[in-house]
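I opened this notebook to record what I looked up in one structure.

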Amino acid sequence: MANDFLIREAAVSEAVVLAGLINRAFEVERFFLDGDRTNPEEVRELFAKGHFLVAENSTGLAGCVYVEKRSERAYMGLLSIELRLQRAGLGLRLTAAAEDFALSLGCEGMDLCIVSVRAELPAFYHRAGYVQTGTEKFPSDANPRIPCHFIVMSKALR
């Protein structure tokens with residue numbers, strides 16, 4: 001099923017659609033955070049620093065991932081899959097596409113941050129070859145309802 005999708009670079013004109021997709025995918029985080037994950041303006045701001053890759057088929061947009069070149073490494077974030085399509089391999093396919101894209105930018109490795117209270121995420125990224133490399137504080141202005149922090153994970157791309 002994940003092979004039925006075309007993966008391409010998104011355009012900034014798709015910011016509204018991307019924000020909607022990201023917010024639907026991140027609704028699972030409502031147990032510890034209030035509000036939407038992002039908005040179209042924040043997505044437009046990310047386009048100024050990095051790139052979004054999207055997966056789509058004849059029924060429309062199904063997933064996205066953000067990739068930002070940071071010196072010799074890249075950062076991957078906002079991996080988002082439409083709820084009805086989750087657990088079908090599209091997340092791993094978009095992760096691999098993000099890694100290939102980072103390689104095309106000359107990056108040697110990929111880094112990402114996941115929130116500690118999302119217990120399912122470390123195993124997902126381990127399957128994709130990532131290892132935990134540290135932790136970071138969760139932004140206090142995000143007002144989480146329960147204690148949490150970021151788990152930093154990384155992968156060599158070459």
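The entries below follow the order in which I looked things up.

**Entry 1. Overall fold.** I note at the outset that the model is predicted. I looked up the secondary structure and found four helices and seven strands. Along the sequence, I read the order as β-α-α-β-β-β-α-β-α-β-β.

**Entry 2. Dimensions.** I compared the radius of gyration of the chain, 15 Å, with the value near 15 Å for a compact globule of 158 residues, and the two agree. The C-alpha trace spans about 40 × 35 × 30 Å along its principal axes. I then looked up the accessible surface, which is about 8200 Å², with 52% of it belonging to carbon and sulfur atoms. Of the 158 residues, 46% count as buried. For contacts between residues at least 6 apart in sequence, I found that 66% join residues at least 24 apart.

**Entry 3. Nonpolar cores.** Which residues touch the most other members of the largest nonpolar core? I found Met-76, Met-110, Tyr-125 and Tyr-130, in a core of 29 residues. The elements that give two or more residues to this core include strands E2 (51–57), E3 (60–70) and E4 (73–81), as well as helices H3 (90–104) and H4 (121–127). H3 gives the most, with six residues. I also listed the contacts of Met-76, leaving aside neighbours within four places in sequence: Val-65, Tyr-66, Thr-95, Ala-98, Met-110, Asp-111, Leu-112, Tyr-125 and Tyr-130. A second, separate core has 18 residues, among them Leu-18, Leu-21, Ala-25 and Leu-61.

**Entry 4. Helix H3.** I looked up the span of H3 and found that its 15 residues reach 21 Å from first C-alpha to last, close to the 21 Å expected at 1.5 Å a residue. Its buried residues are Leu-90, Gly-91, Leu-94, Thr-95, Ala-97, Ala-98, Glu-99, Phe-101 and Ala-102. I recalled that an α-helix has 3.6 residues a turn, so residues three or four places apart point the same way. Just after H3, Gly-106 has a positive phi of about 90°.

**Entry 5. Cysteines.** How many disulfides does the structure hold? I found zero. The closest cysteine sulfur to that of Cys-107 is in Cys-113, 16 Å away, which is too far for a bond. For Cys-113, the closest is in Cys-148 at 12 Å, also too far for a bond. I noted that Cys-107 counts as buried because its relative accessibility is 0%, whereas Cys-113 is partly exposed, with a relative accessible area of 24%.

Definitions and conventions
Residues are numbered from 1 along each chain as its sequence is written. This is a predicted model: local features need pLDDT of at least 70, side-chain atom pairs count only at pLDDT 80 or more; totals for chains, interfaces and linings use all residues. Side-chain values use heavy atoms; hydrogens and water are left out. A nonpolar core is a set of buried Ala, Val, Leu, Ile, Met, Phe, Trp, Tyr and Cys residues joined through side-chain atoms within 4.5 Å. Buried means under 20% relative accessible area, exposed over 50%, partly exposed in between (1.4 Å probe, protein chains only). Contact means heavy atoms within 4.5 Å. The expected span of a helix is 1.5 Å times one less than its number of residues. The radius of gyration is taken over C-alpha atoms; the globule rule is 2.2 Å times the number of residues to the power 0.38. Accessible areas come from the Shrake-Rupley method with a 1.4 Å probe; for residues, only the protein chains shown count as cover. A disulfide is a pair of cysteine sulfur atoms within 2.5 Å.
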